[in-house]
Amino acid sequence: MMLKLLIHVLFSVTVSAGVDIDPNGYILYCPCMGRFGNQADHFLGSLAFAKALNRTLALPPWVEYRFGEPKSVQVSFSHYFELEPLLKFHRVIIMEEFMENIAPKVWPPEKRTAFCYMARGQGTDCNAKEGNPFGPFWDTFNIDFVQSEFYGPLNYDVHHQDMARKWNSRYPSQKSPVLAFTGAPASFPVQLENKDLQKFLVWTPRIVNRAIDFIRNVLPIGAFVGIHLRNGVDWTRACEHLEHSPNLFSAPQCLGYRNEFGIASQDMCFPTPDAIAKQVKLAVKEYHAKSVFVSSDNDHLIPFLTKALKRMEVTVHKLANPEPHVDLAILGRANYFIGNCISSFTAFAKRERDANGLPSGFWGFPSNRASATKQKHEEL
């Protein structure tokens, strides 16, 4: 018994000693704004931020909102994406592993500080756990904060103003081994300089295999066009704000970050079924497509598009039980993709396709007027 106990103790010490602690520190954050598309934008910025500060990024679980659930559900980062490609860019660790093996050594409960730009909600601190999904997210790991730290006027733009040096000077890892942010240390939409980091986000085999299985066994042999439709009630309301927000949500992906390519329109944000059919027909003809795959948050327009494409002998499909991540993996493999310029879900598919050199377009962009102006300018 004594020998077994000694072996167990020695093994425990060895495992503990085998955990590599990053002397440069760690970054944690709650991906608490919006659904998957918004969280993905924020992730790319947070990854760039962690690399600039040379701290290991704890990969947070994805926050999901499921029908009938009173609180958000946290899904492990590695459920959807591979870690190896990310490690080629910078040091990362899934948050579950950080909390189990690293936190007890560098971030004990009595030293857990929440970082925010300024006081949040009621009171004079970060209130890091106030509301959903903030509370449920940190509760997933039994995290409570004992104090708050306001980091203003610092910001997350590490590509300008020598910002990384300013962060490290104010919060050296020796004094602040963990920077735990109430929200993502990144801007939305994703900063232009961080878009290319998409290439390090690689789907897990589970997602890839489901996408490939659908393409091989459901879609007819031949090229296919992938489209993304946003047409739910909440999206209708969002599009009403275009007049006062010309760069709404992910609009910079087609309009430019300074609206150098135009301003958002209702045709781009909420195209009519007829406009959708017309643009799909053009894409089908150009790419000799045999089918169209539809991803949508509400109405996939399957009957309408099936009728519109009948004479072209093109079939229209969707997943029997739509799953956003599998939808994205399928859209990423289409011969051509048409998405919604305003949508961050579309933005994810567009960035992935850009990384793989695949063509994409947007509903209602460029507008007919813009196209005519461009053509006239080129003629001159």
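Start by selecting Cys-126: this is a predicted model, and here Cys-126 has 0% relative accessibility, so it counts as buried. Show the sulfur atoms and you'll find a disulfide joining Cys-116 to Cys-126, with S to S at 2.0 Å. Cys-116 sits in strand E6 (residues 113-116), while Cys-126 is in the loop between E6 and helix H5 (134-139). Look along the S-S bond: at -90°, this link is left-handed.

Next stop: Cys-239 and Cys-269, joined by a disulfide with S to S at 1.9 Å. Colour helix H8 (residues 233-239) to find Cys-239 and helix H10 (residues 266-269) to find Cys-269; the bond therefore ties together parts that are 30 residues apart in sequence. The torsion about their S-S bond is about -80°, so this disulfide is left-handed.

Now pick Cys-254 in helix H9 (residues 252-255), then jump to Cys-341, 87 residues apart from it, in the loop between strand E12 (336-339) and helix H14 (344-355). A disulfide connects Cys-254 and Cys-341, and both cysteines are buried.

How many disulfides does the count come to? It comes to 4, and counting bonded cysteines along the chain gives the pattern 1-2, 3-4, 5-7, 6-8.

Finally, zoom out and switch to cartoon view: the chain has 15 helices and 13 strands. Its radius of gyration is 24 Å, close to the 21 Å the globule rule gives for 380 residues, so the chain is as compact as a globular protein of that length.

Key: Residues numbered from 1 in each chain as written. Predicted model: local features only at pLDDT ≥ 70, side-chain atom pairs only at ≥ 80, totals over all residues. Heavy atoms only, no water. Helix = DSSP H or I, 4+ residues; strand = E, 2+ residues; numbered from the N terminus. Rg over C-alpha atoms; globule rule 2.2 N^0.38 Å. Disulfide = S-S within 2.5 Å. Buried < 20%, exposed > 50% of the residue type's maximum accessible area, 1.4 Å probe, protein only.
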